[in-house]
Amino acid sequence: MLAMVRYRRNFLPGGSYFFTVALADRRARTLVERIDDFRRSLRAAQASRPFDIDAIVVLPDHLHAIFTLPEDDADYSGRWRAIKSGFTRTIVADEPRLRPNRKGEYRLWQRRFWEHTLRDEGDFARHADYIHFNPVKHGYVKRVADWPHSSFHRFVRNGALPADWGTTDDSDIDFGEPR
């Protein structure tokens, strides 16, 4: 019998973390159809428990983000709980078909999320590139600049990336994924 591996999250106060967070229904388009509601939920969570959003992309059914927490704080789970529950409350108010389960939970989001503690500047850069290239990877656009729900546009404004970065011709970009 195979032993079950117990996943342990890494909690580093003041750390920078890469996240993947997904809707329960991976065919849904709720995140982009309700992008303003999602942004309000994100801002509300950020106002109550500060954190920096270093990079983010919101796709129809999932999102990727890099957050940096305050020096004395490592509670990214609480922040995601606030973001997800705030967004869910907004959706439930408009979608009477969305009903809670026996535990009173709404199945809008997948229960868990993927987290990776960023180790250094190279790790940060690879994950930020992965975030920004994701709409191209999934076939939503041919150029990164064409996806509106991405921090890529802020990176361009700040001079961190050129406006033409991430076209489908950029097949040599190294995200650290196996080829």
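Strand β2 (52-58) is largely enclosed by the rest of the predicted structure, because 6 of its 7 residues are buried. Buried here means under 20% relative accessible area, exposed means over 50%, and partly exposed lies in between, with a 1.4 Å probe and protein chains only. Strands are DSSP runs of E with at least two residues, helices are runs of H or I with at least four, and both are numbered from the N terminus. The model is a predicted one, in which local features need pLDDT of at least 70 and side-chain atom pairs count only at pLDDT 80 or more, while totals for chains, interfaces and linings use all residues. Residues are numbered from 1 along each chain as its sequence is written, and side-chain values use heavy atoms, with hydrogens and water left out.

A hairpin of 3 residues connects β2 to β3. These two strands run antiparallel and are joined by 6 bridges; two strands pair if DSSP finds at least two bridges between them. Within this pairing, I56 stands opposite A65 in β3. Strand β3 also runs antiparallel to β1, with 7 bridges between them, and V21 stands opposite L63 in β3. The strands form an open sheet of 4 in the order β2-β3-β1-β4, with antiparallel pairing. Its edge strands, β2 and β4 (114-117), each pair on one side only. On average, neighbouring strands of the sheet are turned by 15 degrees against each other, direction ignored.

The chain contains 5 helices and 4 strands, which follow the pattern β-α-α-β-β-α-β-α-α along the sequence. Helix α2 lies across β2 and β3 and runs at about 160 degrees to β2. Axes are lines fitted to C-alpha atoms, for helices over the stretch in contact, and angles run from 0 to 180 degrees between N-to-C directions. Helix α4 (residues 121-137) packs on the sheet and touches β1, β2, β3 and β4, and its direction makes about 150 degrees with that of β3. Contact means heavy atoms within 4.5 Å.

The largest nonpolar core has 27 residues, and those with the most contacts inside it are F38, L63, F67, W80 and W109. A nonpolar core is a set of buried Ala, Val, Leu, Ile, Met, Phe, Trp, Tyr and Cys residues joined through side-chain atoms within 4.5 Å. Two or more residues of this core come from each of β1 (16-22), α2 (35-48), β2, β3 (62-68) and α3 (76-94). The largest share, 5 residues, comes from α3. Residues up to four places away in sequence aside, W80 touches F19, V21, L63, A65, F67 and F113. A second, separate core of 19 residues includes A55, L59, I66 and F133.

R34 is found in the loop between α1 (30-33) and α2. This residue counts as buried because its relative accessibility is 17%. The side chain of R34 makes a polar contact of 2.6 Å with that of D37 and one of 2.7 Å with that of D94. A polar contact is a pair of N or O atoms within 3.5 Å; within protein, one must be able to donate a hydrogen and the other to accept it, and residues adjacent in sequence count only if both atoms are side-chain atoms. Apart from neighbours within four places in sequence, R34 is in contact with F87, T90, I91 and D94.

Of the 179 residues in the chain, 46% are buried.
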